[in-house]
Amino acid sequence: MTRINENYLNLQGSYLFAEVVRRAAAYRASGPKREVISLGIGDVSRPLAPAVVEALKKACDEMGRAETFRGYGPYEGYEFLRRAIAQHDYRARGVDIQDDEIFVSDGAKSDTACFAEVFSQQAVVAVQDPVYPVYVDSNVMAGRSGGFIGGKFSKIVYLPCTEKNGFSPLPPQERVDLAYLCSPNNPTGAVMTRQALQRWVDWANEHEAVILYDSAYEAFIREKELPRSIFEISGAKTCAVEFRSFSKTAGFTGTRCAYCVVPKDLTVKDAQGAVHHVRDLWLRRQSTKFNGVSYIVQRGAEAVFSPDGQKQTREAIDGYLNNAQVILRALRGAGFCVYGGENSPYVWLKTPNAMTSWEFFDFMLDKLQIVGTPGSGFGQCGEGFFRLTAFNTPDLTRQAAERIMQFPFKGECL
Ligand code: PLP
């Protein structure tokens, strides 16, 4: 008899977004007096940059001509895109990353979900709490989580992100092999400082741990002192993998292109103590399970690095950052305690009057006709918080801000 992978039985239902959609739909069906505005979306609202569209069209034409047609591409991505990434996103910023340390993929979701495959099944995993759920669920599927007891997986090490630690936890005291860090963080909007990241890198090198660093939102960082890449930190090449995406940087959520950086210096040992290069293991994995991103999409991604592409995508991000400021100003004006929203598209607010995250969700929907995401859905430490995003249009974001300002709240920060 064929049996299922029993690890899947440990997965918790994807309750959060389904429940958000259900409650918002029920409210809309009740005939509210004005439009419900979603500040809950994690998807972009601006179209692709014209430079990208041009490149996509040109690549389509190439695919239609015998002389320029391309079949299967390299598993790691075309050389033209790997070079553009390494040059513009790293070397031009003083970070020495080689073209062959870049692996192009169809998304940071698949990369962050799959990367741990190259490590031992017994590896102890640490995640920030609250957390982007993919890191947890993929390790549940892989059998690293243990059972779900009292709202947590017994074998996962949770790193509380709280007001007290500025949503930037210290490395754990206990043994951890793989630590997922996300900066700028989804959902808290916190950005790790150079000093905080240096502590993590030093910890990982000392304990032979690996940091899986998700910087899908690095393009939102505008403060010069904040690190955009973990490889700006000394020692990171021997302990970290970095995940990045064109999704939020260049509106590729529906077009699909991302990449990860696996330095040649990063090694792990097998049970006999022999040393293996993680880069080689990932290449082996990709060449077995992945057949590359389409040529057309990779040409589109390459155009992000052209002068016009850079200018146009920066303008789009500026627009989202401006939305974040509009939301922040409205919330602060109304008396909320607010975090994030600077160098990040995510605003993380403390619910007023000790409301739970879901009570506040219902309150926002009922009183302001605004949808957000309850913080408790991202982990236990998210309880009492609420996530708003800057990804809606400027007009709807402004309308939502006006509604918020009509409501004076009292929310106290620590
Ligand atoms: N990592 C984080 C922290 C995210 O928030 C998201 C998407 O919301 C992703 C990765 C997935 O990105 P992609 O669209 O490249 O799969």
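**Close-ups of a predicted model**

**View 1. Phe-246 and the residues around it.** Setting aside neighbours within four places in sequence, Phe-246 is in contact with Leu-81, Ile-85, Gly-251, Phe-252, Cys-257, Ala-258, Tyr-259, Ala-301, Val-304 and Phe-305 (contact means heavy atoms within 4.5 Å). This is a predicted model, where local features need pLDDT of at least 70 and side-chain atom pairs pLDDT 80 or more, while totals for chains, interfaces and linings use all residues. Residues are numbered from 1 along each chain as its sequence is written, and side-chain values use heavy atoms, leaving out hydrogens and water.

**View 2. Two nonpolar cores.** A nonpolar core is a set of buried Ala, Val, Leu, Ile, Met, Phe, Trp, Tyr and Cys residues joined through side-chain atoms within 4.5 Å; buried means under 20% relative accessible area, with a 1.4 Å probe and protein chains only. In the largest one, with 52 residues, Ile-211 and Phe-246 touch the most other members. A second, separate core has 41 residues, including Leu-16, Leu-331, Ala-334 and Phe-386.

**View 3. Strand β7, covered on both faces.** Look at residues 178-182: five of the five are buried. Leu-178, Tyr-180 and Cys-182 sit on one side, with Ala-179 and Leu-181 on the other. Strands here are DSSP E runs of at least two residues, and helices are H or I runs of at least four, numbered from the N terminus.

**View 4. The strands beside β7.** Strands pair if DSSP finds at least two bridges between them. β3 (residues 125-129) runs parallel to β7, joined by three bridges, and Ala-126 has Ala-179 as its bridge partner in β7. Five bridges link β7 to β8 (residues 210-214), also parallel.

Notes
Buried means under 20% relative accessible area, exposed over 50%, partly exposed in between (1.4 Å probe, protein chains only).
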